[in-house]
Amino acid sequence: MSFSNQVKEELAREIPDKTCCRRAELAALVHVNGRVGKADAEQLELVVQAEQAGIARKIFTLIKLVYGLQTTVEAKTRRRFKKTRIYKVHAIINKRDIDLWQRMQSLSAAGNKKRRLDTALIRRNCCKRSYLRGIFLSRGFINRPESEYHLEIVLQDLPLAKEIQKLLSKFNLFSRIVERKRNLVLYIKEGEQLVDFLRVVGAHKALLDFENVRIVKSMRNSINRQVNCETANLAKTVDASVRQIELINRLVELKGWEFFPAQLRDLARLRIEYPDKSLKELGDLLDPPLSKSGAAYRMRKLEQWAENIIDVSS
Ligand SMILES: [Zn+2]
């Protein structure tokens, strides 16, 4: 199962304790994946779609708990690009239930384009979280943490996308909106933010899995960085060493070792003997030993002196 579906399965299992949150989450589910139509003169029918059996079960349960309505679930196999199952939760609303009838009718009358977020439903923080959970269950997707960090919510209308963006920002979650194939895609791309999102909507198990992968990933990155850095330093040391050895050998050929002043000769001999040692290590081998900067200074002196003599002699 994909990580995204794993997150949804976890979120679908949890039924909020408080009525306010149940109402908010159901509103989100109905908002983006529900539609209301006339069943007959006396009845309205609410149909909410879900892509997972667990989500359908949650919608079924919430409708019963919040509105006390009788619901049925229907599963359909849909063939588009590949075979997928789709679930539809049906609930019948009687005209005598005036309150609910009006609420559902206003939802339906608003049509697909202008569904606005009912701010009264999400006044409390607990309800804001529940609403976001419902939106993610309906339209969300999150990449597995091993690959690129990416979470998105696919919506049809800009006002709703902007309202959800604002809602996310209340939890310091910062998203962007782009258009893709006539849809609006709200997305978050930062690892830390994805962890925060999972925390906000209450996907605690998925959060732990995500964090574990993230830790391994960031460790691997920092090791890679370190290795790259060490390789670069090593390459620098080797380049310098090759240059120094060439210089020393030419001078020895020209003038012989006796020509070297004692201090410079010791260092030059060590350089030839240990071509891959750093200046610090060569400094340690000198008698008396020299610090890293002392050895570097003496090596510079040796190189300048050798170059001068070779220049004059050639
Ligand atoms: Zn609440």
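**Ground rules.** I am working with a predicted model, in which local features need pLDDT of at least 70 and side-chain atom pairs count only at pLDDT 80 or more, while totals for chains, interfaces and linings use all residues. I number residues from 1 along each chain as its sequence is written.

**Helix α6.** I took helices (H or I, at least four residues) and strands (E, at least two) as DSSP runs, numbered from the N terminus. I looked up the length of α6, residues 158-169, whose 12 residues should span 16 Å at 1.5 Å a residue, and I found its end C-alpha atoms 16 Å apart, which agrees; the expected span is 1.5 Å times one less than the number of residues.

I then asked which residues of α6 are buried, and noted L160, A161, I164 and L168. Here a residue is buried if 20 or more other C-beta atoms lie within 10 Å of its own, exposed if 12 or fewer, and partly exposed in between, with C-beta atoms placed from the backbone. What covers the buried residues includes α5 (125-139), β6 (151-155), β7 (176-180) and β8 (183-188).

**Nonpolar cores.** I count as a nonpolar core a set of buried Ala, Val, Leu, Ile, Met, Phe, Trp, Tyr and Cys residues joined through C-beta atoms within 7 Å. The largest has 52 residues, of which A24, I59, V89, Y131 and I135 touch the most other members. Its largest share, 8 residues, comes from helix α2 (residues 19-33). A second, separate core has 12 residues, including L267, L279, L302 and A306.

**Backbone details.** Between β7 and β8 I checked the loop that holds K181 and R182. K181 has a positive phi of about 45° although it is not a glycine, and R182, also not a glycine, has a positive phi of about 65°. K181 is exposed, with 6 other C-beta atoms within 10 Å, and R182 likewise counts as exposed with 6 C-beta neighbours inside 10 Å.

Lastly, I noted that the peptide bond from D287 to P288 is cis, with omega near 0°, and that P288 lies in the loop between α10 (279-285) and α11 (292-313).

Definitions and conventions. Contact = placed C-beta atoms within 7 Å.
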